[in-house]
Each structure stands twice: as C-alpha cells, then as structure tokens.
Amino acid sequence: MNTSPSSSGAERTDGSSVQIGALVPLTRPGWVEAGRHLLAGLELAVREVNDAGGIVGRPLELVVRDTAADPQRAAAAVDELARLGVAALAGEYHSVVARAAAARADALGLPFLCSSAVLDALTEQPTEWVARLCPAQSHGWQIYADFLLSAGHSRIAVAAQPSVYWASGTRILRDYLAPRGGTVIELDMSALTPTAVCDELVDNRATALLLLTGHPEPAVPIVKSVRRDQRLAEIMIGAPAGQPEFAEWAALLGDDGSAIPFLRYLPERLSPLGARVGTALRERLGEAPSFVAFEGYDTVAVLADVLRSHGVDRARIAESWPHVAVEGTRGQIRFSRTPGISVWQWAWASVQIVDRDPAEPDRFRILHAS
C-alpha cells in the first residue's frame, strides 16, 4: 500500500490519547435523530474501551464533526481531522455524505470505517482504505422487493426526490422487480404535491407506495395525504430507507405512521453482548435504541480491536480490514471483497423488515427476517 510519510499517522508513545474522527449528522437538514443514535453508540463503546484500559494504556478519544447532511462539509471535516492526526474515521449516516467522505479519505490515505451509509458505490473505484458495517443498499432493498412481491404487490409507485441515493434505490427495485412481473412507477417529488401524489396513485392503479424521500419533509405530509384519501384505503405505504425507525416519526404521525414496513439491521434475537449494550444505550438515549445506535457501538468495537492489534499507523490499520474478526452486538464482524462493492464489506449484518404495530405504535412487529 502506497502512503506518504505525512499521511501515515506516526506512532506516538507519549501517553497521549488515540483519536478517532467521528462524522455524524447533528443539525438539519441532516437526519438529527439518526445522528444522535449513531453518536450514542460511538460514545458508549469509547467509554467501555477506556474503562477496560484504553488502547494499550492510552485513552481512546472521539473527535466529533457535524456533517449536517452536507457532502462538502463532510469532505472539509475529513481534511481537518486528517491534519489533526486522527488514526481513523468512523460514522456517517447519509449515503451521499459518506460517499464524499470516503472519496476524501481514500485520497488522503486515512482509514474510514463507515457505520450506516448503504450506497453500493461508496467510492468510484475499489479502495483499500474504506470498510463498511451496514449492508449495501442492493442487498437490503432486494430483500424488501421480495417482501413486496410475496405480499402481492406488483404495481409499486415510488415517491422519489432527486438524489444519487434515491435514484440508486429506484434502479435496484426496478431491476429486481421487472423480471419477476413487477412494475415501478416513478413519482417526481420535485414536481408533485402530496395531494397530486394521491391522484397519481389512483391513475396508475398502484397497490404500494414507497417513500424515497427525506424526513420529516416531504415524507410526513405524503403519509397524511394518502391516509386521508378514501380512494387509497387499501394501498400499502412502505419506507425501505427506515424513516419510521425513530421516535419523531411516531410523534409527528401517530396512528398514521404505523403499518409502514421499513428495513432495519438487527437480528431477531440479540446476543448477550447485544442485550447488554442495548440496555446501556436505552439509558443513554432515554428511549429504545435504533439499529443505528448498535452500528455506532460496533464501529468503535472494530476500530479498538484493530488499534490494539496493529497500532495507530494508518496504512497498517487499512491493511488489517481483511483480518478483522470481532464479536459485535449483532454477530461476528468480518470484512471481505463483495462483488459490485468497492470497499471492504461486512457481508452481511442481519436484515429485518418491520413496522410499527397499529395497535401499539411504539412497538415494532417483525414482518420478515433474513
């Protein structure tokens, strides 16, 4: 692996902290609730690492930067964190932001363990510097497409905003559903109001509507319009990207936000480690932890193991990805080269399709697990 002396992250033996740069959306238009959960998982794991003696006696420290869902801001943060001497990068939730961060990390020779961003093409070219915990979008969304077909839905509308991420999701769904008799109808949310969406659903005889949009706008107004349109009483609303996962969804929509299936990356039953971490995350967050919080914890668990075994040299950290074998909260984490994926990938975290129970909107029902 080629790396310049200035980017290699020289070993320090002065007892100073080992720093990890953390990229997290903490302000709008970022998905703030996701960012809060991601950061809670990162911070809990750092605290536990330090309680257990740190990294060979040196404390582990997070250097947090708010990306606010802005790719340019994230790229600038990567530059800054590299200059500050962090050993590696962690985090990020938004795919388009993580893509910008990954490109910059690759260019600088800075290891980046991406926690939550699913876009398949996280980098344009294969890279040794980036690894990822969450399943690739194509993996999860094909499982979701199978779920739609098994539920009898073949005419599927997608209410989509302009974005590389949403366009990728639409393409995955179309490519998977078309050979199996499914039709994907695109509704451009840069041109349609929520009321107009309802008319389009009726005109196109859609039986399912997928929200490929931001949260809370325009996802929440779309749900309210569809739920109140008597012509659409039988239509299924879905949200593969996971908008209903967080408490804000239930607070804004109440009963209207239930029975909307979404993807989350948790096993049906947590291991003893996962259960213990889940309890600690609940105490830290004051609410049930989302899968994103577990992703944050597992990110630091992997990086701490690598740092203990390989030190803080950036090139050695990146070279360690294929040798990782860490027991995370959701199973053993190993990275491999996966066809069509440009980064080192955990293949795969558990995938569930769940929704909020109409009888008890704070409770999740597991509809499908893979």
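What pLDDT does the protein average, and what share of the residues score at least 70? I began there because this is a predicted model. The protein averages a pLDDT of 95, and 96% of the residues score at least 70. I then looked up the start of the chain. Over residues 1-13 the pLDDT is below 50. I noted that this stretch still has 29 contacts in the model beyond near neighbours in sequence.

**Entry: two helices**

I looked up helix α1, residues 32-51, and helix α9, residues 272-285. Their axes come within 10 Å and cross at roughly 120°. Angles from 65 to 115 degrees would count as roughly perpendicular and those over 145 as roughly antiparallel, so α1 is oblique to α9. I also noted the hand of the crossing of α1 and α9, which is right-handed.

Next I listed the residues that meet. From α1 they are Arg36, His37, Ala40, Gly41, Glu43, Leu44, Arg47 and Glu48. From α9 they are Arg276, Val277, Ala280, Leu281, Arg284 and Leu285. Sorted by class, this contact of α1 with α9 has six nonpolar, two polar and six charged residues.

**Entry: a sheet**

I turned to an open sheet of three strands. Its order is β10-β14-β15, and the pairing is antiparallel. Which strands are at the edge? They are β10 (262-264) and β15 (360-369), each of which pairs on one side only. Neighbouring strands of this sheet are turned by 45° against each other on average, with direction ignored.

I followed one pair in detail. Strand β14, residues 352-357, pairs with β15 in the antiparallel sense over six bridges. In this pairing I found Arg356 opposite Phe364 in β15.

I then looked for a helix lying on these strands. Helix α4, residues 137-150, lies across β10, β14 and β15. I noted that α4 runs at about 140° to β10.

**Entry: the backbone in loops**

I looked up two peptide bonds. Is the bond from His215 to Pro216 cis or trans? It is cis, with omega near 5°. Pro216 has its place in the loop between β8 (208-212) and α7 (219-228).

The bond from Ala347 to Trp348 is also cis, with omega near 0°. I located Trp348 in the loop between β13 (344-345) and β14, and β14 is a strand of the sheet above.

My last item was Ala69. Ala69 has a positive phi of about 60°, although it is not a glycine. I placed Ala69 in the loop between β2 (60-66) and α2 (71-84).

Definitions and conventions:
Residues numbered from 1 in each chain as written. Predicted model: local features only at pLDDT ≥ 70, side-chain atom pairs only at ≥ 80, totals over all residues. Heavy atoms only, no water. Axes fitted to C-alpha atoms, helices over the stretch in contact; angles between N-to-C directions. Helix = DSSP H or I, 4+ residues; strand = E, 2+ residues; numbered from the N terminus. Parallel < 35°, antiparallel > 145°, perpendicular 65-115°, else oblique. Left-handed = near helix turned anticlockwise from the far one by under 90°. Contact = heavy atoms within 4.5 Å. Nonpolar A, V, L, I, M, F, W, Y, C, P; charged D, E, K, R; others polar. pLDDT = per-residue confidence, 0-100. Pairing = 2+ DSSP bridges.
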